[in-house]
Number of protein chains: 2
Amino acid sequence: MQSVIRVDLGPQSYDITIASGGLDELGTQIGALNLGKKVLVVSNQMIFRHYGEKAIASLQKAGFEVASHILPVGEQYKTLTGLQRIYNSALEHRLERSSTIIALGGGVVGDMAGFAAATWLRGINVVQVPTSLLAMVDASIGGKTGVNHPQGKNLIGAFHQPRLVLIDPEVLKTLPPRELRAGMAEVIKYGVIWDAELFAQLEKCKRLDQMRYFPADLLPEILSKSCQAKADVVSKDEKESGLRAILNYGHTIGHAIESVTGYKVVNHGEGVAIGMVAASGLAVELGMWDSECDRRQLALIQKAGLPIKLPSGLDIEEILETLQTDKKVQDSKVRFILPTQIGVVTITDRVTADVIRLVLGRMG
Amino acid sequence: MQSVIRVDLGPQSYDITIASGGLDELGTQIGALNLGKKVLVVSNQMIFRHYGEKAIASLQKAGFEVASHILPVGEQYKTLTGLQRIYNSALEHRLERSSTIIALGGGVVGDMAGFAAATWLRGINVVQVPTSLLAMVDASIGGKTGVNHPQGKNLIGAFHQPRLVLIDPEVLKTLPPRELRAGMAEVIKYGVIWDAELFAQLEKCKRLDQMRYFPADLLPEILSKSCQAKADVVSKDEKESGLRAILNYGHTIGHAIESVTGYKVVNHGEGVAIGMVAASGLAVELGMWDSECDRRQLALIQKAGLPIKLPSGLDIEEILETLQTDKKVQDSKVRFILPTQIGVVTITDRVTADVIRLVLGRMG
């Protein structure tokens with residue numbers, strides 16, 4: 001399998017290359033972009049142990065001068081302090097404006113490395129090499145970068161488009177099952193917000209929680225359809241002034257849950273799964289979508305082994321309070337992305353605190 | 001006096017409004033831009049004492065919900081830690097994506113407030129209200145924002161264009177004389193790199209070190225010609241991929257001096273003045289510009305009461321080492337902006353370490 005999807009953003013356009021064994025071609029792929037000779041590979045301890053050697057060998061073979069910066073594993077290190085350490089490496093290795101940071105890892109690595117690239121010397125190149133399903137279908141595409149504020153996720157960040165996204169599905173073989181399931185949350189999201197055909201395809205599968213249960217053609221289809229959906233939306237609205245907000249389906253309440261539980265109880269995909277269940281419930285309450293669709297989405301989320309209930313002991317009022325710090329707040333009103341039919345969502349600020357209390361109250 | 005200069009950057013275009021008493025119109029000027037109702041005024045203790053009340057009154061009168069964040073005075077606070085505190089204020093006051101940060105102050109305030117706006121919620125509005133001559137003619141225009149790294153100036157930053165630059169020359173009345181002189185360094189720079197007429201005008205003045213010696217029409221001319229020069233260059237090259245680098249005339253060695261002396265001995269303008277003397281000396285050594293022009297530039301810099309010698313005790317080898325971390329380094333070669341005639345400069349990487357040693361050695 002090999003496919004190339006173009007993200008069309010004028011002078012900032014770039015390719016998403018999906019290729020089995022693509023990691024061995026990292027050097028030649030970046031070489032073809034005519035960037036500077038210095039690269040800094042940013043990765044985490046676990047990913048680097050698996051794939052660091054392969055990535056660096058490929059880069060050196062293509063003539064790059066390679067340095068690396070290894071992050072500890074975990075969302076809790078996605079902070080200004082972690083960022084400062086990447087800056088120190090950038091300085092130590094004398095990165096120049098023509099240099100490239102290569103993000104080899106999942107969403108945390110991609111966000112931090114991307115934000116470091118966005119802000120070092122007021123912006124250097126970044127290439128995303130996502131190693132988790134979630135990063136492949138979502139985080140690595142579209143240029144959103146950033147770190148967390150102690151009081152909210154991704155509050156500090158920038159839009160900074162990569163020069164290339166290189167996806168090698170082979171690396172998913174070492175992905176822990178819980179991480180695969182987290183990625184499936186975003187895949188299901190694309191089915192609900194954009195691609196009814198993808199949704200139907202997922203419905204046909206018996207299980208979505210482990211790769212070994214996937215039909216042979218499912219993974220290529222999941223990757224290309226999800227990346228295409230993301231590329232379509234981002235190409236139409238780079239900086240989230242309109243359409244792009246639909247990608248946050250499930251994320252509004254999802255982020256709040258992650259934040260209130262200190263990023264320790266649910267991972268991002270699990271938060272999104274619970275958030276999609278909640279958003280679907282809100283849409284039913286508002287009479288925007290029928291309970292049969294709600295049931296079908298719920299079934300998919302369960303089949304992917306994802307949570308559909310709130311973490312135990314969660315304070316719903318704390319969730320409501322946290323929603324007020326959401327980036328999508330406008331004139332103090334929280335804007336929700338709610339589904340109207342499979343493949344279509346809409347944006348609304350008509351959701352009252354009482355309806356949120358009602359729906360979340362049922363999800364305890 | 002009132003003039004409006006347009007910075008032409010497509011959808012990111014904006015006006016520089018120069019108007020005596022303009023601070024009283026801050027609210028109506030921003031109101032005309034149709035941004036959100038929440039604003040955060042970022043200023044420093046000294047400036048806020050002089051102009052905070054006036055600015056806030058004007059904003060409130062125009063219907064804005066106003067909060068403020070006061071920075072300590074000084075370049076030494078232009079750090080990630082200082083930035084973190086602005087983020088905390090942004091969170092506390094619940095800034096939204098449609099909100100605006102207003103930078104009321106000199107270059108440090110403008111850079112920090114601008115970078116906070118560039119990176120809070122991945123980018124909110126910023127309006128620059130420069131209160132120093134240096135910020136008026138240079139820092140507030142063109143979207144360069146950032147903070148210092150312990151080992152180098154402005155290494156961390158982003159391009160983020162303001163929605164408006166509002167210049168009220170009245171505020172210069174409270175500007176300390178040393179700060180006025182610092183701004184004159186940038187004004188002289190525009191004469192050398194872009195505007196021979198401005199250079200000639202400055203040559204006609206007896207003294208340039210204090211406003212009370214200025215001919216009546218000089219200040220309006222200085223402001224509009226300098227802002228026009230900056231707007232011309234930035235409009236042609238927003239992100240410093242080519243032409244814009246000429247604005248760094250005098251800054252390469254200037255930055256290095258500031259950095260090596262811990263930002264405590266010379267201010268930015270003084271660094272630039274010394275840097276221009278050095279660049280001019282390099283250009284003479286390379287046979288690119290004649291010693292008569294060198295002498296004329298030196299005379300202007302002296303007339304503005306600016307330093308023309310290196311700070312005492314400076315280690316030239318340390319300067320050379322620091323140059324290697326300059327943002328303009330490409331393939332490990334430092335790129336210098338050197339003059340060829342009054343009003344024209346060129347970019348070169350032909351300057352060897354030995355020539356730098358020679359020229360700086362004479363400036364001790």
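Modeller: The expected span of a helix is 1.5 Å times one less than its number of residues. Please keep in mind that this is a predicted model.

Biologist: How many residues does helix H3 of chain A have, and how far does it reach?

Modeller: Helix H3 of chain A covers residues 80-92, which is 13 residues. From its first C-alpha to its last it reaches 18 Å, close to the expected 18 Å.

Biologist: Which residues of H3(A) are buried?

Modeller: They are A:Leu80, A:Gly82, A:Leu83, A:Ile86, A:Tyr87, A:Ser89, A:Ala90 and A:Leu91. As background, an α-helix has 3.6 residues a turn, so residues three or four places apart point the same way.

Biologist: What comes just after H3(A)?

Modeller: There, A:Arg94 takes a positive phi of about 55 degrees.

Biologist: Now the rings. How many aromatic pairs are there over all chains?

Modeller: A search of the whole structure finds 2. In one of them, the rings of A:Tyr87 and A:Trp120 have centres 5.6 Å apart and planes at 25 degrees; planes under 30 degrees apart count as stacked, so this pair is stacked.

Biologist: Where in the chain do A:Tyr87 and A:Trp120 lie?

Modeller: A:Tyr87 is in helix H3 of chain A, whereas A:Trp120 is in the loop between helix H4 (107-119) and strand S6 (125-130). The two are 33 residues apart, and the pair links distant parts of the chain.

Biologist: Is A:Trp120 buried or exposed?

Modeller: A:Trp120 has a relative accessible area of 1%, and buried means under 20%, so A:Trp120 is buried. A:Tyr87 is buried as well, with a relative accessible area of 1%.

Biologist: What do B:Tyr87 and B:Trp120 form?

Modeller: They form a stacked aromatic pair, with 5.6 Å centre to centre and 25 degrees between the planes. Both B:Tyr87 and B:Trp120 are buried.

Biologist: What sits over the ring of A:Phe64?

Modeller: The charged end of A:Lys37 does, 4.8 Å from the ring centre. In chain B, B:Lys37 lies over the face of B:Phe64, at 4.9 Å from the ring centre.

Terms used. Residues are numbered from 1 along each chain as its sequence is written. Chains are lettered from A and ligands numbered from 1 in the order in which they are written. This is a predicted model: local features need pLDDT of at least 70, side-chain atom pairs count only at pLDDT 80 or more; totals for chains, interfaces and linings use all residues. Side-chain values use heavy atoms; hydrogens and water are left out. Helices (H or I, at least four residues) and strands (E, at least two) are DSSP runs, numbered from the N terminus. Buried means under 20% relative accessible area, exposed over 50%, partly exposed in between (1.4 Å probe, protein chains only). Rings of Phe, Tyr and Trp (its six-membered ring) pair if their centres lie within 6.5 Å; planes under 30 degrees apart count as stacked, over 60 as edge-to-face and the rest as tilted. A charge sits over a ring if NZ of Lys or CZ of Arg is within 6 Å of the ring centre and within 35 degrees of the ring normal.
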